[in-house]
Amino acid sequence: MKILFVTPECAPFVKTGGLGDVAAALPKALRALGHEVITLMPAYGGMAPGGELKRVIAVHRTARWPDAQLLEVVQPSGEHFVFLSCPYAFGDVKSPYGPSGAGAPAHAAVPFGLLSHVAALIGTQRSPIGWRADIVHANDWPCGLAPLYLRSERDASAGTAVARSVMTIHNLAFQGVFPIEAIDLLDVVEPYRGVEGVEFWGQLSMLKAGLQQADAITTVSPTYAKEIQQPALGFGLDGVLRARSQQLHGLLNGIDTDVWNPRTDGLIAERYGADNLSLKASNRAALRKRTGLPDSRQPLLGLIGRLTEQKGIDLVIAGAPRLLAKGAQLVVLGKGDARFEEALAQLAAAHPRQVHVTLGFDESLAHQIEAGADSFLMPSRFEPCGLNQMYSQAYGTPPVVTATGGLADTVSDVTRFPQQGTGFVMPRADQPAFDQAMDRLLKLWADGKAWESLQRRGMQRDFGWKNAAQQYADLYTELLATSDPRSENTRPAA
Ligand code: ADP
């Protein structure tokens, strides 16, 4: 199959979170299954795409869209990229996502409208790169209009081949909402201008457009697929998702074991595996050294991530005094809400021998925390899939997680399942549950043998992408085998 994977971010070029890692790994895994995959993403200003530039293709200005260029690049590893270059749209690298939401101006919708427009074009006979995708796989709200544009193309093309579309939700909390006036800038035609298309409570939502009009919707874990159909985690789109539940699939992310593997990781002090787990101690010593923490017999706890309420950072901050009183140390790497950054910085200043905080984004420190910490904290309020809890298990760093989304699907609780458990699962994201999980952790830590078994069980789990990639391939195959996979209940009246 010919698959166009369209994404706003992809490691190592641009990464703000889990999607960056998925966008690097899933196309590679699909290619390994024998499919042709091209990744389409913006060429943000100042970004160095690397690899061999094969050609530059002009995408000419139309009444709606600015002039743009497509840079076709093949990486030495065989990865095939098309970078969308448009200084008007993507000149600013500071935030790949730019402004959206209530205060954003209508024209702020144009950059990702353009990305979706180009993605959809590559799914038609008019593909500017002379290669027509069978499947356009759109990721998160910045690509949400691509399924809608493809739908319009299919309506207009009377039988000529147009790609099938898949819309993947990596986080339903981010929806790409803009003033409804953007509708004309974005060339959204009838019958997709209303509630069956982009309209969302008087505004325009790019994610909603994709959810309404994609041939299939996926999200990144089976539990999250169920949770987002309920009001509590549906972020106002649970009704849309319930209406499309027949087309909604929860496919668990994998991890890229070329990048996140303690046996081969070039960013850590000493490589190790389940058979020479004692070498993990060198990584712990190196992490303490790098972060200026003294040696200790108590566990070193790690946390990496966006410092937001979603991630339960407040629970860690409020629970820290209890933990520190018991001698534990804490290393935090992240950036996010100012109130959490400030509280963490204060905690580190008050406890320099027990707490280290790096505010920022640092790929090598992230690897060193996974390798050097004894346990990893991830008490999220919701978590579509989450990657760090899987990295942690692979690195022998048992995680503390909440029973939500992908965390529930990938970590089993060692107290409930002493022979199978790979971490500590909190039933809810609240303070008593967090404190209780930490008590259980410190207790098990004191039993060296039991702790080591816990580590080994996590390291033996297979979180590779192969299985997930096969599930995506099966879904694409199913879509291509169906003449018009659109379900009747999402077909707007013309
Ligand atoms: P989300 O996508 O919700 O942010 P995930 O757990 O799915 O969370 O993925 C986060 C990814 O981003 C992981 O690879 C994690 O290591 C990485 N990451 C998050 N914050 C930082 C940071 N401050 N420095 C380095 N890597 C980070």
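1. A quick word on terms before the sheet: two strands count as paired here if DSSP finds at least two bridges between them. Bear in mind too that this is a predicted model.

2. Now the chain as a whole. Its secondary structure comes to 18 helices and 18 strands. The radius of gyration is 23 Å, close to the 23 Å the globule rule gives for 494 residues, so the chain is as compact as a globular protein of that length. Taken along the principal axes, the C-alpha atoms fill a box of roughly 70 × 45 × 40 Å.

3. How much of the chain is buried? Buried residues make up 59% of the 494. The chain still exposes about 19200 Å², and carbon and sulfur atoms supply 53% of that area. As for contacts between residues at least 6 apart in sequence, 72% of them join residues at least 24 apart.

4. Strand 2 pairs with strand 1 in the parallel sense, over five bridges. If you want to find the pairing on screen, look at Lys-2, whose bridge partner in strand 2 is Glu-36.

5. What lies across these strands? Met-167 stands opposite Ile-217 of strand 11.

6. On to the nonpolar packing. In soluble globular proteins, nonpolar side chains tend to be buried together. Here the largest nonpolar core has 99 residues, and Leu-40, Leu-186 and Leu-211 touch the most other members. Helix 3 gives the most to this core, with eight residues. There is also a second, separate core of 33 residues, which includes Val-357, Leu-377, Val-400 and Trp-445.

7. Leu-40 is worth a look by itself. Not counting residues up to four places away in sequence, its contacts include Leu-4, Phe-5 and Val-6, along with Leu-70, Val-82 and Leu-84. Leu-115, Val-118, Ala-119 and Ile-122 are also among the residues that Leu-40 touches.

8. Last, Val-220. Where does Val-220 sit? Its place is in the loop between strand 11 and helix 7 (222–227). Is Val-220 buried or exposed? Buried counts as under 20% relative accessible area, and Val-220 has 1%, so it is buried. Leaving aside neighbours within four places in sequence, Val-220 is in contact with Thr-168, Ile-169 and His-170, with Leu-251, Leu-252 and Asn-253, and with Pro-384 and Cys-385. Gly-254 is 34 residues from Val-220 along the chain, and their C-alpha atoms are separated by 9.3 Å.

Technical notes: Residues numbered from 1 in each chain as written. Predicted model: local features only at pLDDT ≥ 70, side-chain atom pairs only at ≥ 80, totals over all residues. Heavy atoms only, no water. Helix = DSSP H or I, 4+ residues; strand = E, 2+ residues; numbered from the N terminus. Core = buried A, V, L, I, M, F, W, Y, C linked by side-chain atoms within 4.5 Å. Buried < 20%, exposed > 50% of the residue type's maximum accessible area, 1.4 Å probe, protein only. Contact = heavy atoms within 4.5 Å. Rg over C-alpha atoms; globule rule 2.2 N^0.38 Å. Areas by Shrake-Rupley, 256 points an atom, 1.4 Å probe, with all protein chains shown as cover.
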